[in-house]
Amino acid sequence: MSSGGTGGSGTGFDIGAALNAIGQWFAAFLQTLTQYAPVIMAVSVVGYLVLRYAKVVRQSIGQLLALF
């Protein structure tokens, strides 16, 4: 960065560079999200099913253990 800019607010904060960095980060974030979307969906579905059927699974395991 060059000291003593050409005026402005005098904070030395470059909005263009900041927006560019945010844009690059957002693009990378979206790419990662689309890359891992199937994994995220699978984990969400499995987590939902586990919570939904936790009581049934626990009863089934209890019955299975009772057999042994």
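W25 is exposed, with a relative accessible area of 55%; exposed means over 50%, buried under 20% and partly exposed in between, using a 1.4 Å probe and protein chains only. The model is predicted, so local features need pLDDT of at least 70 and side-chain atom pairs pLDDT 80 or more, while totals for chains, interfaces and linings use all residues. Residues are numbered from 1 along each chain as its sequence is written, and side-chain values use heavy atoms, leaving out hydrogens and water.

**Fold and surface**
- The chain has two helices and zero strands, taken as DSSP runs numbered from the N terminus (helices H or I, at least four residues; strands E, at least two).
- Among the 68 residues of the chain, 0% count as buried.
- Its accessible surface is about 6300 Å², with 69% belonging to carbon and sulfur atoms (Shrake-Rupley method, 1.4 Å probe).

**Around W25**
- You will find W25 in helix α1, which covers residues 15-52.
- The structure holds one aromatic pair: the rings of W25 and F29 are stacked because their centres are 5.2 Å apart and their planes at 10 degrees.
- Rings of Phe, Tyr and Trp (its six-membered ring) pair with centres within 6.5 Å; planes under 30 degrees apart are stacked, over 60 edge-to-face and the rest tilted.
- W25 and F29 are four residues apart in helix α1, so about one helical turn separates them.
- F29 counts as partly exposed, at 38% relative accessibility.

**A charge over a ring**
- R52 lies over the face of Y53, 5.1 Å from the ring centre (cut-offs: NZ of Lys or CZ of Arg within 6 Å of the centre and within 35 degrees of the ring normal).
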